[in-house]
Each structure stands twice: as C-alpha cells, then as structure tokens.
Amino acid sequence: MCLKYAELERSVGEIERSRGVYVFASKFAHPRSDQDFWNKWREFEVQRGNEDTFREMLRIKRSVSASYIQTHFILPMQKDQTDKAVTIERKVGFASA
C-alpha cells in the first residue's frame with residue numbers, strides 16, 4: 001500500500017512527500033523478505049534523488065536490517081530464560097501439578 005501511495009505522490013510531482021512515504025514504510029519492510037520495496041526505493045533515489053538521499057536510503061536500510069537482527073537474537077534468549085525458570089521451579093517444587 002505504501003508503494004502505491006509513494007508512486008501516487010511521485011506522479012503528481014511531490015518528490016519529497018514520496019520520499020517521506022518510503023522512509024515511513026521502511027520501518028515495516030524487512031530488507032531480506034521485502035526486496036521489492038527496497039528495490040523500488042533504490043530505483044526512485046537513482047532517478048529522482050542525489051548522492052545524499054541515496055546514502056540516507058542505504059543508512060536506513062542498514063539500520064532496519066540491524067534492528068531485525070537484534071530482535072532475532074533477543075527473542076531466543078528470552079525463551080531460553082523462560083524455559084530455565086520453569087525447569088528451576090519444577091526442581092524446587094513450586095510448579096503446580
């Protein structure tokens with residue numbers, strides 16, 4: 001949906017608004033699974049942007065990618081801690097039957 005809105009803004013000449021839509025949507029687009037989004041934004045910056053806006057797009061892509069990596073590392077650690085707590089409770093006898 002954001003891609004369509006960004007395209008609409010671009011078609012009426014609102015380049016900065018279109019770029020803003022891409023920036024907003026990037027928070028929800030995983031770089032590995034949503035390659036279509038990132039390729040369209042890259043194409044947009046090549047056609048309409050400059051070196052600074054292209055670098056900003058790459059910076060945002062790295063930032064989003066890093067946030068997804070951190071999430072995947074944190075979730076298994078939390079699950080392991082929960083499993084350990086349940087195991088300890090069972091050994092001590094606090095768990096209800």
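Me: Which residues does Tyr-22 touch, leaving out those up to four places away in sequence?
Reply: This is a predicted model, and in it Tyr-22 touches Leu-3, Ala-6, Phe-37, Lys-40, Trp-41 and Phe-44, with residues up to four places away in sequence not counted.

Me: And what is the largest nonpolar core made of?
Reply: Tyr-22 is one of its twelve residues, and the others are Ala-6, Val-21, Ala-25, Ala-29, Phe-37, Trp-38, Trp-41, Phe-44, Met-57, Ile-60 and Val-64. At least two residues of this core come from each of α2 (15–25), α3 (35–48) and α4 (51–92).

Me: Which helix gives the most to this core?
Reply: That is α3, which contributes four residues.

Me: OK, so which residues of α3 are buried?
Reply: In α3 the buried residues are Phe-37, Trp-38, Trp-41, Phe-44 and Glu-45. Looking down the axis of α3, these buried residues fall within an arc of 120 degrees, so they line one face of the helix. On the other side of α3, Val-46 and Gln-47 are exposed.

Me: Why would residues a few places apart point the same way?
Reply: An α-helix has 3.6 residues a turn, so residues three or four places apart point the same way.

Me: Changing topic, how many helices and strands are there in the protein?
Reply: The protein has four helices and zero strands, and its pattern along the sequence reads α-α-α-α.

Me: What share of the residues is buried?
Reply: Of the 97 residues in the protein, 21% are buried.

Definitions and conventions:
Residues are numbered from 1 along each chain as its sequence is written. This is a predicted model: local features need pLDDT of at least 70, side-chain atom pairs count only at pLDDT 80 or more; totals for chains, interfaces and linings use all residues. Side-chain values use heavy atoms; hydrogens and water are left out. A nonpolar core is a set of buried Ala, Val, Leu, Ile, Met, Phe, Trp, Tyr and Cys residues joined through side-chain atoms within 4.5 Å. Buried means under 20% relative accessible area, exposed over 50%, partly exposed in between (1.4 Å probe, protein chains only). Contact means heavy atoms within 4.5 Å. The arc is that of the directions from the helix axis to the C-beta atoms.
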